[in-house]
Amino acid sequence: PPHPTSHSLQGKKGMQKAEVLAYFQKFAEAEETYVDMDRKDLALELRKRLGNWRRVLALNQKWYGGKEKKKDAMYNEVHQKLGESYYDHQKWDKAARCLEQVQMVDGTGSTERLIDCYFRCENWAGMQRLADELPAEQTVQLNDLGDRFRRVGMCGASVDALLKAGNIKAAVDCCVLLNQWDRAVDLAQQHNFPQIESLLAEYASSMLKQNKRLEAIELYRKANKSPQAAKLLCTIAEETMQAKANPLRAKKLYVLAALELERFKKRTLTVDMSTMMGTTGGGGTRASAAQATAATLDNLMTHDQATGESKSLERPWHGAEGVHFYLLAHRQLYEGDIQAAMVTAARCMQYEDVLGTKEAASLIALTSFYNRHYGECSKAFIKLESQKGLPQAELDNYIALAVSIFARHPPQDPDSDASSRLFDTGRPACVASGRPLGGSESTLSCKVCSHKMFSRELRGSCCPLCHSKLS
């Protein structure tokens, strides 16, 4: 048998040959020489020195089985280096595919570069998956993800990443910057951030100074500040009615304000009732339940003060009703239903604070004149003539018109008993027809605004007042 030193001499000569081949850039032949010597490790090291990581990966998978060896250091190193090579050449998609292999195996690798690759490829799903997989200790990477999500408007994903990193202030700031005030307020309340209230007030005040009232309303709605939103809506509705511009728009604004208050009441009562149930269910007494009820009433009273000096919780519905009956009387008048128009117009007198005395009384005078109820017409003229601050010229016109009418028609109604029934404004009115409710006629009730109507007077399947779908 050959002497043992002969094997070492052959191996030394083979390594010298491979090094010489590598020196003359005959890398394939040098690799083959190493393989013939059964030194695959040196062949891989040669490819590593050359930076040919794709060849290293191919050889690693060929010699060591690929899937079975995914968790070894070689596999991780190859994918990381290959990913960094792709990254340097701005091949973001390929770099991400390589880097995520390292990241998903054992958490090592260039996480910052992987985040950048996902961002440049607009791979939002990959970024969200990475944010879920990263441990809370990697705050730098999570803050980076949160910032990148914010830059593309993904508020929810940004807040989740920032909260996981423990950066509460950045999460609140993200909600504010992306105009997600509802979540900003919730986060501030959960983590005791009192600054959010002053920031919200300052932002809303800035909008109001720029006369961006609708934007301010939307801001209050998103922040769950329903009383403030309702107050602004009522203000715009009142201005619309005073300008006599668009009564239908005013009605819609009043309805929106009322729905905001309904949302506030429902939310407040739900929270307080859950508090009450928790108090009584946990062995509390009737006194504790009474305290919870008192807290509910205090919240409602606070809301009542926020919406105006003397306005009640139902005030917006009052405005919506007034404009609704005013429009309904006009529609009935133009459709030729004079009797119904007169009844509905009489209802408008209850809403002269919304419509104005002149508009309400003029409508009654007009409809009762055409319906030959001159007694009611005379009362309407008396109301018109007794307005405070009425210009003399306008007063003279009212007097002249009244004289011309009642000189020919005595101020009497055809049937005083029938008129008293028609003008019975003490009972609630059907919002579909304006007639007083009562009797044996079947009625429907709207579950949103709680107003009632006669079934046979209904046109379509929506509430005539708030336009919600009727069940």
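**Figure 1. Accessible surface and fold of the predicted chain.** The accessible surface comes to about 26100 Å², and carbon and sulfur atoms hold 52% of it. Areas come from the Shrake-Rupley method with a 1.4 Å probe; for residues, only the protein chains shown count as cover. This is a predicted model: local features need pLDDT of at least 70, side-chain atom pairs count only at pLDDT 80 or more, and totals for chains, interfaces and linings use all residues. Residues are numbered from 1 along each chain as its sequence is written, and side-chain values use heavy atoms, without hydrogens and water. The chain has 471 residues, 41% of them buried (under 20% relative accessible area, 1.4 Å probe, protein chains only). Its secondary structure comprises 24 helices and two strands (DSSP runs numbered from the N terminus: helices H or I, at least four residues; strands E, at least two).

**Figure 2. Helix α18, residues 315–334.** From first C-alpha to last, α18 reaches 29 Å over 20 residues, close to the 28 Å expected (1.5 Å times one less than the number of residues). The helix is mostly covered, with 14 of its 20 residues buried. Just after α18, Gly 336 takes a positive phi of about 90 degrees.

**Figure 3. Helix α8 (residues 124–133) against helix α9 (residues 139–151).** Their axes come within 10 Å and cross at roughly 150 degrees (lines fitted to C-alpha atoms over the stretch in contact; angles run from 0 to 180 degrees between N-to-C directions). From α8, Trp 124, Met 127, Gln 128, Leu 130 and Ala 131 make the contact (heavy atoms within 4.5 Å). From α9 come Leu 142, Leu 145, Arg 148 and Phe 149.

Technical notes: Buried means under 20% relative accessible area, exposed over 50%, partly exposed in between (1.4 Å probe, protein chains only).
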